[in-house]
Every structure is written in structure tokens, then in C-alpha cells.
Amino acid sequence: MPRVRLWGSLAASIDGQTEVQVEAATLRELLDRLKRDYPALRPQLERGVSVAIDGVIYNDDWFTPINDDSEVVLLARLKGG
Amino acid sequence: MALDSKADTGKRHFKVVGTRPLRPDGVDKVTGRARFGADMSAPGMLVGLILRSPHPHARIRVIDTTRARALPGVHAVVTRADFATVDDAALADLLDNCMAGEKALYDGHAVAAVAAASGAVARQALDLIEVDYEPLPFVTDVDEAMKPDAPALHPGRANETVPPGLSANVMARHEFGHGDIEAGLAAADRVLERSYRTGATHQGYIEPHACLASVGPDGKADLWCCTQGHYMVRNTCAAILGMEQGSLRVTASEIGGGFGGKTTVFLEPVALMLSRKAGRPVKMVMSRSEVFRATGPTASTSIDVRIGMTKDGRITAGFAELRYQGGAYPGSPVDMGSMSAFAPYDLEHVKTIGWDVVTNRPKQAAYRAPGAPMAAFAVESAIDELARGFGLDPLEVRLKNAAREGTRASYGPTFPAIGLEATLRAAKDHPHWSAPLGPNQGRGVACGFWFNFGGDTCVSLNITPDGTVTLSEGNPDIGGSRASMSMMAAEELGIPYDKVRTIIADTGSLGQNDVTDGSRVTFAVGLATIEAARAAKREMCKRAAQVWGIEADAVIWENGAVRPAGPNAGKHPPMTLAEIAAIASNTGGPIAGHCEVNAEGAGVSFGTHIADIELDPETGTVRILRYTVFQDAGKAVHPDYVEGQFQGGAVQGIGWALNEEYIYGDDGRLQNAGFLDYRIPVASDLPMIDTVILEIPNPGHPYGVRGVGETPIVPPLAAVANAVSHAAGIRLTHLPISPPRLLAAIREK
């Protein structure tokens, strides 16, 4: 089950947990289950996040695969100019 | 047909990519044939103008348009009452910024608009609109806005991350990092604490915002505009005006600069509403003053930094608290600044806290690597001061602490292969770093980081009957993308560059394309171009196989032609692309390739800059003597354009460091809404900006391409400030380092 690293403001909303385990094989499953299991994360997840999977940053490609040993990190939604 | 993988970039020999052919838009731009936003016209066209608030903060009691509507020649008047309510908060803010609702939130905020037969009539009509304002207390400074008793713009809009008891102008809090800051600082030989400030700067594009809207009686509409993303314009305007996206076709004009500032809408929904009401096409063009007063500058900032360093130059911990005011609406890029501040460094203990603050200023818009340059200014200044304080080479200190493959980034993930160390080593080995300096001269160095991303992208590649190729993409060409796409298509197809013409298609011609931002286009559209070319090649192999009566997998594409391959393929003379194109009609019909993709895997980017300056201690003026940019481009498709991006970013950053700044008076009004008083650097102010392109292939792209457009604006603020501080013998912590500010600092020394 992949471990998901949260940034500080998100961690603060779930009692300081900086990492959570989520049963997810794709990016979509990851985001859905985070919303389900951690409702306090929902406002930020709905505003949007980017997700780094094994060092590569993804925005919203739902079926990006996630392995059990993948490094998964939630990031503030990337902006560009 | 076998396609080369994404992993072969290291050994690939390019024929077209990496060369410097003539730019395809050059002749049009130097002859005046190119059509920019204000060059569009239509039969029966009206002139649209906007009435703007003279108050920085005021409740709008009543807007009486009776006299304006009665003026002969006026065809429509629009206020916020003409627009339906929008539920989505971000979209509602966009609409409110285009046309004020209950309150005018900054000097220059749009409150009404007219469409008239001429500019003179439209101006007269604006004078006849009567707005009853109730002026309110205002705040334009970020630190003032954070005080609990500051005038509040949007009470109750703070999101769930903001602790109770703070100013109502604090909209969000962001925190990133890992480790134990206090433990890290305790291990340092010196802990430096400094506060820094940066002014709000405008993107400074030469072409003002302009558009032409035409709404038909059937509700179908066309819009021509100057933008970085006409699909974004379509989708945003359709949502604001309650239209279906398919009913609005948007065509992007040539663009005279954007730099992030044209990634949103300002005039476009208003022009469409005026056209809808008037039943005539409406053209709107902003004046330069309107561009400054009402379109996005970047955030101004106030940043506190604490960094610990050992006497041999190891950074033991880094902490920054960043406060960005993003104008009158939530959404300053402080989250990006907080994530990127320490990204170039391998730190065991790092933490950033960012505060998103609203003030009575225009809504900020993205500006090249939004949020990162200000954060880099603070962190790179502090590292420089620590390094010099220990008598260490500031470049060596950066090398000692540089993030590398396997480093846990300050914003969370583990870096894959990255190019920061290569840029630092190139800088160290460059003659610039060891060149002698004279009196009153100083040298500064700084690093910068940016994320880059990809996103929704569509490309259609068509083989014409005579064997030339037309390529349609959906991203306005802001930095040479037509040349780059033509080159990548030519490379893939094995044909000359001048046989490919790339155009920017309207929103009706391709699927969704994301905005031209995030340094995404050469990466993402390039990836789609290569895939579209490969699809066309597959089809051409199939056609040749039919002609030769062999299996398609017995045909290969090589050097711009199909050839039989394998033991049972037989002997057939190669067929060129042009020969296959000539018989396309006989072999199944026209040949094309296309690609629709959400391109991910853009790859992060790093750069290192060296600046030499000379200051005049009597006047406080600073002159740039020499400047060199070192950056990883992955693979430079057209090196001229890559160098141009490096140079342009550096120059914009130099302006940010030395001159540019939104100045507000005690009345809350912008004092310098023009290029005479808001001075950007021009060619005569600067030496040639030298560039060194490094190529560490991005494994996420078939040719190894990385975005290059944003990173170059990240280091210059600090590089210049470090150089000035070196020359002056005092630490400059407040940008811009304008002559009066520098002179005052020198006199206080």
C-alpha cells in the first residue's frame, strides 16, 4: 500500500500526520480515497493539487499508475506563467 | 513500425533539432503584416471602452447609465447587473475583476462599459455614466494588510488553513518542508536572520490587451484576441456568459508579449456582453494606463528568512516566512514561492510558511515562474551573505549544498536526474567567474528553480498532396513554438524544415489545449508533434506496403522515405514522403497524423546566473557590466530561441531588481501607470546577456526537451542584489534597488 506524503498545511488538518497509507493503484483512486478517508483534506483536494509520483509531477491524469513502493507526494497545484 | 523510445535521447543524432533556421514569423513581424490583437476589424464594428473606479476601495451604491444610453451613437452599456451570478468562487472572482459588483476594490477597477459608433462617442458616454460611490478605508501594503485592524476586503473568505484571530485579509496559509528547524539551526556556526521586500512588477508586455467580439443573433459568437490561451478564454467566457463552449470560437492573434500576464481574461467577457447587447461586433483595446492599473502585476512581498550555516559552508537549516499580496482577490503565488524557495538545496531541515494576502490593488496575474523570483531573492541573498561572512566562495557554497539526483526536495519529492550541479560547475569554470573587477564594481551569483508542467495538448499534422506538411497546434506562439514544432516535425519525418508550416488553430479546429504557461509548449506540444508525425509515418508505411504488396511491418521509415526491410520484403526502391503524398488519393485518401494527450513528465529546471555591476556612489545608479546565464534546457530545439528565453528572463529580472515597482500614493492610487514612470530596462541600458545552454536530457520527452521559459527570471533578482551588495559593502534587502534607495543605504553605512 503506497505511503502518501502531505505538505505541512495538509498535515495540520489531520492532526499532524505527515504521511498516510492509502490503498490506491492509480492517481484517481488515490485522490478519491484520500477524500473518503480524510474528509479534512477535501477542501484542498477540491481546490486542486499536483502529485509527485516517483519524482515526476502529475496534475490530473487519473489513470497514472501508482505502485506499492512508489514515492507519492501531494503538492500545491502548480501554476505557471 | 518500431518507434524510438523515450530513453534513447542520449545517443540520438539530430539533423534539424539543434540548428538555427530562420524564424517563420520574422518576415510578417518586420513588415507589419502580422496581425496583433488591435489589428482585427469587422464590418459594422463598434468601439468598446471601460469606465474605471478612481477609488481604491468603495462601495458602489448606484450606477445610473440613463444619460449614456441616451447619447446618439451609443449602442450598448454594460454593468455587472448584465451578468448572471457565477457559483464557482474562482470564476466569480474573475468576473468581479472584469466588472465590479458590490464594491470597487482597487484604483482602475472596471465598473461599467459602453459600445459606441466611435471612440469619441464612447468616451463621451463614459463621462455620462453616474456612479455613486461610498469610499471605504483601503490598504495597499502587504504587511499593513496583515494587521488585525486593517481595512478588510472580503471578510469571511479565509480558507480552512488560516488560524483564527488574524487579519481578515489573510486568505490562506501554506506550509512545506521537513526535518527539525531548531535542531538544524542549533548545529550552525552562524544563524542569519533577515527580512526582505520586493515591489510589485508588471509583466511589461509591449502589446496591450485587445479583442474583437462578435455575437450573432443565434447566440453563436466569435472572438479574436491577444492571449496566451484562447481555449482558456473560450471556456472562461462561455462560463461567465452562460454559453456552451462549442458556441464560442476564439482565435488567437499574434502576441506582443505575455510572460504570464495574458493567462486570464480582462476585456473579453465584457466585449462579448457588449456585442450581445448591441447586436454588432465590438472591439476593445486597452490604453497603457489601463494595462498598468487594471491588469495583473505580480505580487509584492515581505519575506523573513533564517538560515544556519557552518563555517565550512554547509547549510544546516533553512526557514522562510513569506507574505505575498496578490491584489484584491485570493490566489497570490505564495504557495509556489514557498515550495520553490529552497528547492536548489539539499537540506535536512527546511521549512517555509506562506501567507496569501489581499490588498486594494489589481488582481495579480501570473508572471514567469510565478512566486519563485521573490522567494529566491530572499534565500539566495541570505546564503550569499553567510558565505561571504565566512570568507567562502559563494559559488562553492552553492555547489556544496546543491540538490542532486536522490535529494529530497524542500517541497517533498525525491529529485530524479537534475541539472543544477552542471550549471554551477559551468559557472565556476566560465571565465566570467574569475574576471577582475574594478572600483565600485561587484559580482553576484544566484541559483533558481522552476517546476514546469505539461497538460492538455492537441496537434494535427497534415500531409499535403505535394508533400509539404502543415501542422496545427493550439497554443499561441509566445516564444518560438512555431519554429520548434516545425523543426521537430521535420526531424521526425526526415524532411527539410522549410517543408513544414505550423499554424495556431482556432478553438473550433482542435480539441482542448491548456494555456501557454508553465514552460509547457516546447515540451508538451513538441511531444504531441512527434507523436502526430509518427502516426503519419505509420500510415505512410502502410500505404507503401499496399503498393508493394507486402506486410506493413516489413516496411520501415528512414531518412524521409519508406523502405522495405527484412528478409521477405523484396526489393523495392524507396518512396519519399512526397511520392507517397502524390498517390494518397489512390491508396486510401489524404494522410494525416494527430495526437491528443495530457502530457505529463515535464521535468524540473534549474539555472545559475552571474551578474557584474558598477555603482555610482554619488547618484546611486547601478549599471550592469556583464551578465551570464547558465541553464539546463534538456535539449535545445532551436538554440536562438532558448538563448532568447534566457536573455529575456534575465532582463526582466534585472528590471525587477533595479527599477520596476508599482508605486501607490497616500490616496491609494497608482502613481506610475506608464512606461515613463515605470521604467523597464531597454537595450541601451544593458550589455549583451551571455548564455550557456546545458543539455541534460529530460527522460519524459522523446527528444529530451525541458521547458526553459520561466526559470531564467528566478535568479536575477538575487544575482543583481548580491552584486550590488558586494560593490557597496552593505546588504541590500529591498527591491527595487532604485537610485534613491541605494543612495540612502550608502549614506547610512
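## Basis

In this predicted model, local features need pLDDT of at least 70 and side-chain atom pairs count only at pLDDT 80 or more, while totals for chains, interfaces and linings use all residues. Residues are numbered from 1 along each chain as its sequence is written, and chains are lettered from A and ligands numbered from 1 in the order in which they are written.

## Nonpolar cores

A nonpolar core is a set of buried Ala, Val, Leu, Ile, Met, Phe, Trp, Tyr and Cys residues joined through C-beta atoms within 7 Å. Buried means 20 or more other C-beta atoms within 10 Å of the residue's own, exposed 12 or fewer, and partly exposed in between, with C-beta atoms placed from the backbone.

The largest core has 255 residues; Leu75(A), Val114(B), Leu223(B), Val270(B), Val720(B) and Val724(B) touch the most other members. Helix 16 (residues 521-548) of chain B provides the largest share of this core, 14 residues. Helices (H or I, at least four residues) and strands (E, at least two) are DSSP runs, numbered from the N terminus.

## Contact between the chains

Chain B contributes 38 residues and chain A 23 residues, contact being C-beta atoms, placed from the backbone, within 7 Å. On the side of chain B that touches chain A, strand 7 gives the most, with 5 residues.

## Helix 4 of chain B

Val121(B), Ala122(B) and Ala125(B) are buried in helix 4 (residues 119-128) of chain B. The face turned away from the buried side of this helix carries the exposed Ala120(B) and Asp127(B).

Methods. Contact = placed C-beta atoms within 7 Å.
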